[in-house]
Amino acid sequence: MRLWFCSSVLLLAILQEVTTGPACRISEYPCRNGRCIRLNGYCDGLDDCGDLSDEPPYCTVCNRTYYGDVSKTYDLKVNKPLETRLPFLCHLTFTANGQSHGDIVQLIFDDFKVGRYEPAALDGCPDGYMQLSELGRPFTGGSWCGSSSGPAAYYSETSTVTVSIKLFASPQLPFQFKLRYRFVSRREAVVRFGSPAAPLERGQVAPGTYCTRQFEECYRKSCRLQSPNYPGMYPRNVSCYWSLRQKVVPTCKHAMIAVRQEAAHKMHMKRSITVAGLNKTARALRAWRDCTGERDHLIFYDGGSTNDPVLAKYCGGDWLPRVVSRGPEMLVAFHSSPFSIPLHSPPSHSPLRGFELDVDVIFTDSDSYDYSRESLKCEFELNATSSDGDEIWTGRGRRGEIVSPRHSLPPNTTCTYKFNGFPGDIVWVSFVSYMHRALLVGENAHALLPNNSSGVCSTRLRISDGSNMLEDKCDEAPKLCDHSALSNATRTTRPCTLLESYLSSGKTLIIQHHTEDGTALHPASFKLKYEFVDVRLGGESWPDDDRGGTCHRVFKSIQHGEVTGPRNTFLFGRGGAKDLHCVYRIEAKENERVRLILNNASFGFNPTCETNTDSHSTRPLCDYYPNSRIAELSIWELPWRDLRMPRACICDNSSLSSKPMVFLSASHILELHYTAKDMNISEDFTVLNFHATFELVRVPDCPRKQRLRGYGGDIKLTNPPIDRSEMLCAGLPWLIEARHNRSLFLLSWGAFLPLKPRYDEPMRCPTSNRILIYSGRPPKLIKALCPAEPGAKPLAVHVFSEEWWGEDSTSIQKRPPNFLVEWISNEAGLAAFSWLEISRSRSSLLQQLQVPVNASVNETDFECMHRCPELDACISPELWCDGKENCPSGWDESEAQCGATSRLLTSLPGAALAAAVAVAASLILLLCLTLHRLRARRRRKLAKKKLLTGPRLLDPGYNS
């Protein structure tokens, strides 16, 4: 019992002493006096604690675990062990504890002199070495030894890495070991993992392996083949196998895997150690016979196993030429030597170590000529089809793209491309890219060929049109349109120009591309686009007095014909244009109308628009998705030459797939507008096109004037038409135009409907008839009215022109307001509308402009004499008391404004009123004649008296 009590007291004392002061973080060392210092401050020869508790006797930095904080750098030094302590073993463990303590570990070896490095010996590190191991990864057993100058960086793949230093009994060898370590968060490691917005795909690690990874579907991801522990130095004695596979291949397509790296700072591999170049990375390409046993090397297999043919064996250089497999699988193997000196980073070069390879998946048609089908023969022949044939829409007959065989070709191979155009065609060829590099120089210039093969062209390109040699390049690039190769999903490049391409003088063009060393040793590849350009355009030229585009055409004096989209490549994105807008105008003569039939149309591979039916006019309209480009075929009618009315819009590829659309114009002129904006360089007339036919039909013209100007009027709308003129004018809108500085008011009866109702929302209108009201130029729909019986005051609706409310007050200065009223009659019905030319009173105008009014001024000075109070608008004096109610309330014909006599007169029949006017005029005429005769008689008397007596100037009677 007493022993237990003493033990308890002692334990409490120890706990009290230990828990004195605040607790230290995991990245700090707790001093005995309660202070907290960095973990690397322990046993660094400095009294960081102040009580020497961090410098106990016989302390060592070995066999400890070190933590730290993100964005802080720590240093650590291992002193040379005493001779009596040899052999010497030291373990340094570094752990990134997550969050503020990081996710991976960065080690920077500043001083490294550990043992000797013997590259030719079986045991390359006989006197001592350093080894690295990571938690959760197999131990590779590779070692670093020797002397290295300059920093060498290492980035862990996991959260914990252990540095093991082992020295044998060789005390005479110098020993220096000093490093810095940091803890990096995954978010900051953008070189390895990419940015959060554009992450890199590094593959799936095979279980039980250190670095073997599997990559699939790299056409959807940014796949990168990274050396182990990239961007730092990679482990020794490691073998990595990266399996690249494209499992999903579209029907009638062929997939190939391409691996390459053009950036020199991403290609650092250990070279063989020589006396002249110890511990340095080679600046020239090393391949095939240069890849000796102590070299780290990459092997590319044309397939998924090591039994497949070897495409290339690479062991160092500033870049990796593109290596492409014939099929959808490739195996890349990486082997590092068991022993080496740490790869340091010279100050003038990139601090990155290891390598990173870019992976691309190339899709091509399975029956195309993008890859060679025979090993000893490489010939391709391309025959054009007629531009009037149906084969033009397949994309193979008139235009296309050609790439050189993307897999590695054997040495001494010539690929020949023959272009045979249709009579009248001109072949247009532009090289998007061309890569040719002499990677092996000097005595190894032809590494796999006899020595007597030197002096010939490694690559040769010849272009001719049958009679003229257009180009002959030996180890040089042709004219390039290489900027288009930079195009990707997030970046668009400008199209090729004629100065960056070749044009044949006839219908034939021949391209020959020869490689002497094979593309595995001497990469040479190209990508070109070809086109059999058809510059024909139908119809006639656009009138000179009307400004038109390049593809604006007019069809007139033709009873029937066809209209197709342009086929001139230079009008599309692939030919240099950004936007396409073609207008085709079909003009009929008097007493004729246009009957148009749309047979088909295409708006790209994936149109971002749907063609739906307008719920008001039952016409097709275009509904675009958010943030989508415009690609559409619209039909416009010109009731008057200065006004276009939209009649239909088609924007998807399925609207015309089942049956064509037929349109009959109500006027003499019909226009087709084909528009495609923001075209990319791959788009042309094969994906952006349409086809239509037309004929002129004999129909009498509308005898009624439907373009109105004046003070006001009434229009009645009926269906079915009540007479022949109504029938001939069906489909033509009413155009109401105001004078300058005037506005328009429209009165009708019914209920307003949403302009764009939802398709799942039931339409609350008992009839399918509509009154559509447009305004502006081009006309814009502002109101959709469900018509009701005319004259029903509870259902009266008012429409003002836009500038009346100040919405478009500036446009009235340029063009007077107008209303375009269209009667959509789908069933029997009756409707009407009235219109007025109105203006604001001075007080109303000042109030709208927010101008203060002087209270001392008479209010009548700010009002107009003829004002509709319910509209707060002034109308023409001609409409005031004219016997017709023009104001909606009838104020202009009220007794207070016109009086009882006026109302009596206006209430009389027209014949009685005319008779009364005639009688009054006769009485006035009789009175005037009587007065005239009396005055003439008096003048004669005065003249007779003057002759008898002479003039008396002072006589007041004479002067009268």
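I began with pairing, and noted that two strands pair if DSSP finds at least two bridges between them, where strands (E, at least two residues) are DSSP runs numbered from the N terminus. The model is predicted, so I kept in mind that local features need pLDDT of at least 70, that side-chain atom pairs count only at pLDDT 80 or more, and that totals for chains, interfaces and linings use all residues. Residues are numbered from 1 along each chain as its sequence is written, and side-chain values use heavy atoms, with hydrogens and water left out.

I looked up an open sheet of six strands, which has the order 33-34-36-43-40-41 and mixed pairing. Strand 33 (540–541) and strand 41 stand at its edges with a single partner strand each, so one side of each has no neighbour in the sheet. Within this order I followed strand 40 and strand 43 (residues 669–676), which pair in the antiparallel sense over eight bridges. Which residue of strand 43 stands opposite Glu637? I found that this is Leu670.

The lining (residues with an atom within 4 Å of a point) holds 30 residues, and Asp614, Leu621, Cys622, Lys756 and Leu781 lie nearest the centre. Which strand gives the most to this lining? I noted strand 39, with five residues; strand 40 (631–640) and strand 41 (643–650) are among those that supply at least two each. By kind, I counted 17 nonpolar, four polar and nine charged residues, with Ala, Val, Leu, Ile, Met, Phe, Trp, Tyr, Cys and Pro taken as nonpolar, Asp, Glu, Lys and Arg as charged, and the others, Gly among them, as polar.

The bond from Tyr230 to Pro231 is cis, with omega near 10 degrees, and Pro231 is in the loop between strand 15 (224–226) and strand 16 (239–245). Arg777 and Pro778 are also joined by a cis peptide bond, with omega about 0 degrees, and Pro778 is in the loop between strand 49 and strand 50. Ser71, though not a glycine, has a positive phi of about 75 degrees. Is Ser71 buried or exposed? Its relative accessible area is 52%, so I wrote it down as exposed (buried is under 20%, exposed over 50% and partly exposed in between, with a 1.4 Å probe and protein chains only).

Rings of Phe, Tyr and Trp (its six-membered ring) pair if their centres lie within 6.5 Å, with planes under 30 degrees apart counted as stacked, over 60 as edge-to-face and the rest as tilted. By this rule I have 30 aromatic pairs. One of them, Tyr66 with Tyr181, is tilted, at 6.0 Å centre to centre and 55 degrees between the planes. This pair links strand 3 to strand 12 (residues 176–184), its two residues being 115 residues apart. Both Tyr66 and Tyr181 are buried.

Methods
1 Å grid on protein atoms, 1.4 Å probe; cavity = no way out; pocket = protein on both sides within 12 Å on 5 of 7 lines; lining within 4 Å. Helix = DSSP H or I, 4+ residues; strand = E, 2+ residues; numbered from the N terminus.
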